[in-house]
Amino acid sequence: MMTATSPARAGEPAVGAGDDPRHYAAVLAAVYDAAMSGNRPPARPRDVIGESWRRVLHAGVDPERGSAENLIGAADLEARRAQSPLTLVLDDLTGGLDAVIADGDNILVIADAAGHVLWRGGQTRVLHRADRLGFVEGADWGERSVGTNAIGTALMSGGPVQVFSAEHFVRTHHTWTCTGAPIRDPRTDAVLGVVDVSGPAATIHPTTLALVSAVAKLAESQLREHHRRRLDELRAIAAPILARSSGPALAVDADGWVAAVDSVAPCSRLALPRSPQPGRAWLHALGACEFEPLPGGWLVRVADDRDPTTTLVELDLAGDHPPTVRVSGATGSWTHRPSPRHAEILALLAAHPDGLSAAAMSEQLFGTDDRTVTVRAEMSRLRRSLGGVLSANPYRFAPGVDITSVDDSARSLDR
């Protein structure tokens with residue numbers, strides 16, 4: 001499929017069903033050597049590969065070794081895993097590609113939108129071969145780090161790609177073939193990461209690209225279903241609150257997708273402020289609105305100047321019973337039961353109304369200021385549960401929130 005007149009296009013397998021991979025690999029090696037030396041190549045590389053080579057040459061990637069020092073630490077890796085939406089579809093990705101890695105010739109890799117390897121799986125012998133290339137969990141496989149490869153090039157091109165032998169920019173990768181497809185957030189179309197199958201070059205198969213692409217689409221479908229369930233949960237929480245509302249209101253998730261409406265023209269999504277907070281904000285579609293936090297979203301009420309909103313947060317974190325957070329607004333209330341660690345964080349934030357940096361929280365929680373990655377991961381989880389009750393930079397209870405403690409209800413941290 002590599003000729004001077006009919007190169008394969010992006011999204012097509014590197015080697016077709018009728019092609020001889022050994023002959024194709026030899027042609028690629030000649031093309032690669034000519035391209036790296038500045039000579040006229042015997043054939044033109046595929047467009048997706050040629051464009052990638054130009055990008056990585058411009059970025060100064062070393063074709064012999066790639067870039068050094070591209071491995072993130074274990075704590076950063078765990079934080080990226082915890083924060084990645086791909087965690088929700090990990091079983092779908094691994095289950096859909098089990099057959100490809102079962103014989104031990106290939107490994108399955110899932111990378112984030114920056115190209116960092118979050119998870120990988122496969123038989124020990126092929127994993128050991130990948131280790132020698134630095135193809136390990138935490139490694140950066142973006143183009144600017146290791147040149148043309150299925151992960152980095154899929155991220156840059158925005159589509160599925162198969163990279164075979166000397167199509168890889170770094171020479172030590174020429175004994176490999178890899179096939180990657182981007183996974184997009186069905187709500188925003190933003191790329192969340194890449195699913196990749198890699199192995200020795202001799203294992204290349206034209207159907208692998210179609211299979212990896214189909215599994216990526218399945219993951220997107222599951223993410224869409226997960227979002228639908230989250231909206232259903234938000235709708236169930238918001239229904240009794242909307243029933244008590246005295247005016248037009250909507251329940252929306254953190255991205256503005258509408259779960260429920262009352263006395264407002266139906267719409268699928270509401271454009272929210274960049275960083276919504278409890279209290280009043282102006283929306284182009286509705287005018288002045290009052291924002292009240294909900295688990296995973298917001299209650300948005302068309303403002304009534306006679307009924308300003310105050311969000312009350314009651315913390316019941318001590319005693320033998322499970323810790324509880326009760327959030328109340330003008331139209332109703334809801335309850336969240338935090339984990340012991342999250343209860344400790346909430347108590348800490350209540351005691352520091354001006355907020356704490358990640359380092360300061362690490363010092364308070366762990367006795368050292370170098371656990372910031374863990375702090376950020378825990379705060380990310382907690383903010384997903386409590387919606388707009390909490391703010392960041394520094395971490396604190398949001399402006400417009402009044403906090404009381406069951407243990408000291410007479411004391412109010414007036415914000």
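**Strands and backbone**

Reply: Start with a hairpin: four residues link strand 12 to strand 13. Strands here are DSSP runs (E, at least two residues; helices are H or I, at least four), numbered from the N terminus. This is a predicted model, so local features need pLDDT of at least 70 and side-chain atom pairs count only at pLDDT 80 or more, while totals for chains, interfaces and linings use all residues. Residues are numbered from 1 along each chain as its sequence is written, and side-chain values use heavy atoms, with hydrogens and water left out.

Me: How many bridges join strand 12 to strand 13?

Reply: Two strands pair if DSSP finds at least two bridges between them. Strand 12 (residues 324-328) and strand 13 run antiparallel, joined by four bridges. Valine 327 sits opposite tryptophan 334 of strand 13.

Me: Which residues of strand 13 are on the covered face, and which on the uncovered one?

Reply: In a regular strand, side chains alternate between the two faces of the sheet. In strand 13 (residues 333-336), Trp334 and His336 make up the covered face, Ser333 and Thr335 the uncovered one.

Me: Now the backbone: where is proline 394 found?

Reply: Most residues other than glycine have a negative phi, and most peptide bonds are trans. Proline 394 is in the loop between strand 14 (390-391) and strand 15 (396-397), and the peptide bond from asparagine 393 to proline 394 is cis, with omega near -5°.

Me: What is the phi of aspartate 189?

Reply: Near 70°, a positive value in a residue other than glycine. Aspartate 189 lies in the loop between strand 4 and strand 5 (191-200).

Conventions:
Buried means under 20% relative accessible area, exposed over 50%, partly exposed in between (1.4 Å probe, protein chains only).
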